[in-house]
Amino acid sequence: MDMIRDIFELIKSRGVKMVDLRFMDFPGLWQHLTIPVGRLTAESFEEGYGFDGSSIRGWRQINESDMIVRPDASTAVIDPFRAEPTLIIFCDIIDPQTMTPYSKCPRTLARKAEEYMKSIGVADKAYFGPESEFFVFDDVRYHQDQHSGFYSVDSNEGHWNTGREENPNLGYKPRYKEGYFPVPPSDSLMDMRTEMALVLEMMGMTVEVHHHEVASGGQSEIGIQFDTLLRQADNLMLFKYVVKNVAHRHNKTATFMPKPIFGDNGSGMHTHQSLWKGDSPVFPGDRYAGLSETALYYIGGLLKHAPALCAFTNPTTNSYKRLVPGFEAPTRLAYSQANRSASIRIPGYTSSPKAKRVEFRVPDSSSNPYLAFAAMLMAGLDGIQNKIHPGDPLDKNMYDLSPEELVDVPETPATLAGALDALEKDQDFLYKGGVFTEDVVDTWIWYKREREVDALRLRPHPWEFELYFDI
C-alpha cells in the first residue's frame with residue numbers, strides 16, 4: 001500500500017492527467033493503452049483493466065481474446081516525452097478466466113525465473129547488465145510487395161557520404177570499423193547521447209558511460225548499471241523508449257536492429273551476469289580467473305544450452321547477419337578471461353569480488369529481454385544443478401585460429417532456423433519450476449518459423465538479382 005500511496009502523491013505533485021499502462025507482447029515490442037488519471041484507483045492494482053488481446057502477436061485467438069492488464073505499483077515513472085503530464089506504469093497480463101498470471105506474459109515469466117532461482121537455494125538475486133548497442137540514422141526507407149523490394153538507410157556521418165554534395169560537406173565521417181572512440185566532430189552524436197543519458201537518469205536509471213561504437217553511420221552505446229533480472233528487463237524497455245524518442249525529437253531515427261549495414265559492425269547486447277546470496281556474491285572464488293566452482297558450472301550451463309538459447313537471445317533472421325564466424329561477433333562457444341573473441345568472457349577490469357561476473361557476448365537487442373534473461377538464467381542454473389563443467393578455457397584469439405585448431409570448439413547456430421531446431425531438441429531446462437511452459441516454447445517456435453523464417457525464405461532478395469538475373 002505504501003507504493004500505491006506514493007503513486008497518488010506523485011500524481012498530485014506532478015499534475016498528472018493521463019496514465020499509460022505498458023505491457024510487453026510476445027515477440028518483444030512494447031504495447032500500451034492510456035486512461036485518464038481519474039480512472040486509476042487503489043483497487044486498480046488488484047483488479048486491473050480489461051482489453052482485447054486478439055491482435056497482440058503470439059497471444060490468443062479472437063474466440064478467447066479477453067485479457068486483463070494489471071499495473072505494477074513499483075514501476076511508476078513520469079513520461080518525459082508526452083505533451084500532457086503522463087505517468088507510465090508497467091503491467092502484467094492476467095487471464096480473466098482464472099484470474100492468474102497469463103503464461104505468455106513476458107514479465108510473469110521473468111518473475112517466475114527469479115522465484116525458481118530462490119526456491120532451489122542457489123542465490124537470492126540474479127543481476128544482469130546488458131550493453132545495448134544501436135544505430136542513429138537520418139533517413140530510413142524500405143518496401144516489399146509481390147514484385148519489388150528494397151531498403152535504404154542513411155546517416156550524415158556515414159563514411160559512404162564522404163563524396164556527397166552537402167553545401168558544404170565538412171568531412172569528419174568515421175571510417176568503416178573505426179568509429180570507436182573518436183571525439184567530435186567525428187562523433188557527431190555526443191550531445192544527443194548525453195541528452196539520452198540525462199533523460200535515463202531522470203527516469204531513475206544509473207548511466208555508467210556513453211560513447212560512439214565501432215561502426216560508421218551513427219552506431220552508439222549507452223551503458224546502464226546492472227540490476228535484478230525483472231527490473232533490468234523493465235529498464236531495457238525504458239532504455240529503448242528513451243533512445244528512440246530522443247532521436248525522434250531531433251528528427252533522427254534509432255534502431256536496435258542487429259545488422260542494418262553491410263560490411264561494418266552490427267549491434268550486440270553483451271550481457272553481464274552474476275548471482276548473489278544475501279550480501280555475498282556467488283561467483284568469486286579460487287578457480288580460473290578468480291571464479292568459484294559455481295560460476296564455472298553456470299558458464300557450463302550457458303555453453304551447453306547456447307544453441308537453444310540463441311532462439312531467445314538472437315531471435316531474428318537479421319541476428320545471424322551479425323553472428324558470422326570470424327567476422328565481428330563471437331560465435332565460438334568457449335570461455336576466456338578478458339578475451340573478446342570468446343562467446344563468454346570474464347571481465348578483468350577489477351579484482352573486486354563484488355564485480356566478479358560472466359559476460360555472454362552472443363545476444364543482441366532484437367530479443368525480448370524478459371524471455372532472453374530468463375532463458376539465460378535457467379541455462380546457468382541447470383549448469384549449477386547438474387555440475388556441468390565448461391572444460392578448459394580458450395585463451396587465444398579465436399579469429400586467428402585455423403579450422404584444425406577449432407575443430408572441437410562448437411559454434412552458435414548459423415541461422416534463426418538452426419536456433420529454433422536446437423530449441424526443439426533442448427528445452428527441458430526451461431521447464432524447471434514451471435518457468436517456461438510447453439505452450440510458450442511451442443508458440444515461440446511456431447511464430448518465428450512461420451512469420452519470420454518462412455516469410456523471408458519465400459521472398460526474392462535484392463542480392464539475388466545481382467547474382468542471378470543474367471543467368
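The following exercises, each with a worked solution, concern a predicted model.

**Exercise 1. Helices α4 and α5**

Determine how α4 and α5 are oriented to each other, and which classes of residue form their contact.

Solution. 
Step 1. Helix α4 (residues 190-202) packs against helix α5 (residues 229-249) at an angle of about 135°, and the two axes lie 9 Å apart.
Step 2. Angles over 145 degrees count as roughly antiparallel and those from 65 to 115 as roughly perpendicular; α4 and α5 are therefore oblique to each other.
Step 3. The crossing in which α4 passes α5 is right-handed.
Step 4. On the α4 side the contact is made by Met 192, Glu 195, Met 196, Val 199 and Leu 200, while α5 contributes Leu 238, Phe 239, Val 242, Val 243, Val 246, Ala 247 and Arg 249.
Step 5. By class, these residues comprise 10 nonpolar, no polar and 2 charged.

**Exercise 2. Helices α5 and α8**

Classify the orientation of α5 to α8, and list the residues through which α5 and α8 meet.

Solution. 
Step 1. The axes of α5 and helix α8 (residues 369-385) cross at roughly 150° and come within 9 Å.
Step 2. Because angles over 145 degrees count as roughly antiparallel, α5 is roughly antiparallel to α8.
Step 3. The α5–α8 crossing is right-handed.
Step 4. From α5, Leu 229, Leu 230, Gln 232, Ala 233, Asp 234, Leu 236 and Met 237 meet Pro 369, Tyr 370, Phe 373, Ala 374 and Leu 377 of α8.
Step 5. This contact of α5 with α8 contains 10 nonpolar, 1 polar and 1 charged residues.

**Exercise 3. Backbone features in loops**

Locate the cis peptide bonds from Asn 167 to Pro 168 and from Pro 184 to Pro 185, and state whether Asn 251 is buried or exposed and whether Ala 289 is buried or exposed.

Solution. 
Step 1. The cis bond from Asn 167 to Pro 168 has omega near 0°, and Pro 168 sits in the loop between β10 (149-154) and α4.
Step 2. For the cis bond from Pro 184 to Pro 185, omega is near 10°; Pro 185 is also in the loop between β10 and α4.
Step 3. Asn 251 is not a glycine, yet has a positive phi of about 60°; its place is the loop between α5 and β14 (253-255).
Step 4. Ala 289, likewise not a glycine, has a positive phi of about 60° and belongs to the loop between β16 (280-281) and α6.
Step 5. The relative accessibility of Asn 251 is 67%, so Asn 251 counts as exposed, whereas Ala 289, at 14%, counts as buried.

**Exercise 4. The setting of Thr 228**

Solution. 
Step 1. Thr 228 belongs to strand β13 (residues 227-228).
Step 2. Beyond neighbours within four places in sequence, Thr 228 is in contact with Glu 114, Lys 125, Ala 126 and Tyr 127.

Conventions
Residues numbered from 1 in each chain as written. Predicted model: local features only at pLDDT ≥ 70, side-chain atom pairs only at ≥ 80, totals over all residues. Heavy atoms only, no water. Helix = DSSP H or I, 4+ residues; strand = E, 2+ residues; numbered from the N terminus. Contact = heavy atoms within 4.5 Å. Axes fitted to C-alpha atoms, helices over the stretch in contact; angles between N-to-C directions. Parallel < 35°, antiparallel > 145°, perpendicular 65-115°, else oblique. Left-handed = near helix turned anticlockwise from the far one by under 90°. Nonpolar A, V, L, I, M, F, W, Y, C, P; charged D, E, K, R; others polar. Buried < 20%, exposed > 50% of the residue type's maximum accessible area, 1.4 Å probe, protein only.
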